[in-house]
Amino acid sequence: MVWLLLALIIFIFQIATILLLEFRNPSKTVAWMFILFCCPIIGFVVYYFVAQDYKARRQVRTRGSRLFRQMRSILWKQAKTVKKIEEMHNPEFQHQERLFNLLSRLSESPITGCNSSRVLTDGEEAFGAMLKAMEAAKEHIHIQFYIFRHDVIGTQFQEIMIRKAKEGVKIRFMCDGLGSYKLKREFVDKLKEAGVEFYFFLPPLLAFLDRRINYRNHRKILVVDGVTGFVGGMNVGDDYLGQYPKMGYWRDTHLKIEGDAVYFLQNVFLNDWQLASGEKIVDSALFPEHECVDDEQIQIVSSGPDQDWNAIQELCFSAISIAKKRIWITSPYFIPDPGIYEGLKTAAVSGVDVRIIIPWRADSRLVHLASLSYVEELLLAGVRFFQYQKGFIHAKVMIVDDLLASVGTANMDMRSFFCNFELTAALFEQASIDRLTADFEEDMRVSREITKREFQERAFLHKKAEMLCRMLSPLL
């Protein structure tokens, strides 16, 4: 009887702890309570090491923002920033003061002019452009990926980094400690021997012991000489070239950017570099002045534990809430938070053309089931879902009216919005929006639309598996 009472007290203590620490996140609370119910002691131990540590979060934010404040005067002086809504080229913005004000205040990066962008729609095109830019480097190469593999394409990147380092180009290379945990020591040692500076961002063991294992850096950044940058959904690996038979053709979207927006890609990299290496770099030479290559307006939006706001989620929510004609989304993982979910449902009921492309062939069974759990209600509201059939779709794209489009690293899921370090580029020019629209339409052509009747007739056990994964979805 005493042991039973003691076990009950311990269980109540565990429940109370989770309720007190996670009261701001009801969906996460439910997920952790379910885990605790299934595995009372083990679940709480996992919660202690894996759940967000708010003390660590504040430390991360302070360290990151301090560097930003020191660089702010340099960036704002050199970049052509859009300060008034009247300066926006896109006429659709002339009646969107609230959205413009949000974008102007939400992120540490303003809307900039003097840019040009190029949409890259698969690994072959993107890697070719990145390798070419690296070959042309004169001063520095800053490279950061969530996943970097020691395979054929990874070796090509390695060879160029080694060759350019020997030529005197400064190279800083960073990978996420968990995403790139398979990267072999010999691969890294070869780079270091050539003079490449390398760091893992929060290696798994250190992050676990420090209770920051949940802070994953999902960003993909390449900056060459401070004037050319790349951002988007692609990591570095042969799978992005369709070399893995299980996944087949890998459809992704990446961006090449030249101009003022690259200053803010650079700033994000340097903030992450400080967090990974402890080295604070405040060097105006990394932000060289340049001629205005074009007049495209672009905004780099970053979010993560180093920021005061969940900027990418706020961007998505605000754009969805004002849509009048269409909301087209491509995401490999679709686990929307309650705000995005209700926004999409309300938009569809209101007559907005809401279309979402998700994979048919999944790389994560649990995440795929969780994604499907959100489909039925949205289908009933009028949202159209398409499953990509040609291979695996990994692009993270959103198009809202002819107002804006976004391309970046963040999936339409709660992990990207609230836990990971993420990055996206907001595009406002009609030519860029039209190009992404054409890509979306082509992806729909090789996708299969999910019908309400077919979806409602799926197997009973499949529905129950979806329900279970949805309960856990805030943690996936």
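Guide: Start with pairing: two strands pair if DSSP finds at least two bridges between them. Strands (E, at least two residues) and helices (H or I, at least four) are DSSP runs, numbered from the N terminus. The model is predicted, so local features need pLDDT of at least 70, side-chain atom pairs count only at pLDDT 80 or more, and totals for chains, interfaces and linings use all residues. Residues are numbered from 1 along each chain as its sequence is written, and side-chain values use heavy atoms, with hydrogens and water left out.

Visitor: How do you know that β9 and β14 pair?

Guide: Strand β9 (residues 326-330) and β14 share 4 bridges, in the antiparallel sense. At least two are needed, so they pair. Ile327 has Val400 in β14 as its bridge partner.

Visitor: Why are both faces of β14 called covered?

Guide: Val397 and Ile399 are buried on one side, Met398 and Val400 on the other. Buried means under 20% relative accessible area (exposed is over 50%, partly exposed in between; 1.4 Å probe, protein chains only).

Visitor: What makes a nonpolar core?

Guide: It is a set of buried Ala, Val, Leu, Ile, Met, Phe, Trp, Tyr and Cys residues joined through side-chain atoms within 4.5 Å. The largest has 91 residues. Helix α6 (residues 123-135) gives the most to this core, with 7 residues. A second, separate core has 48 residues, including Tyr388.
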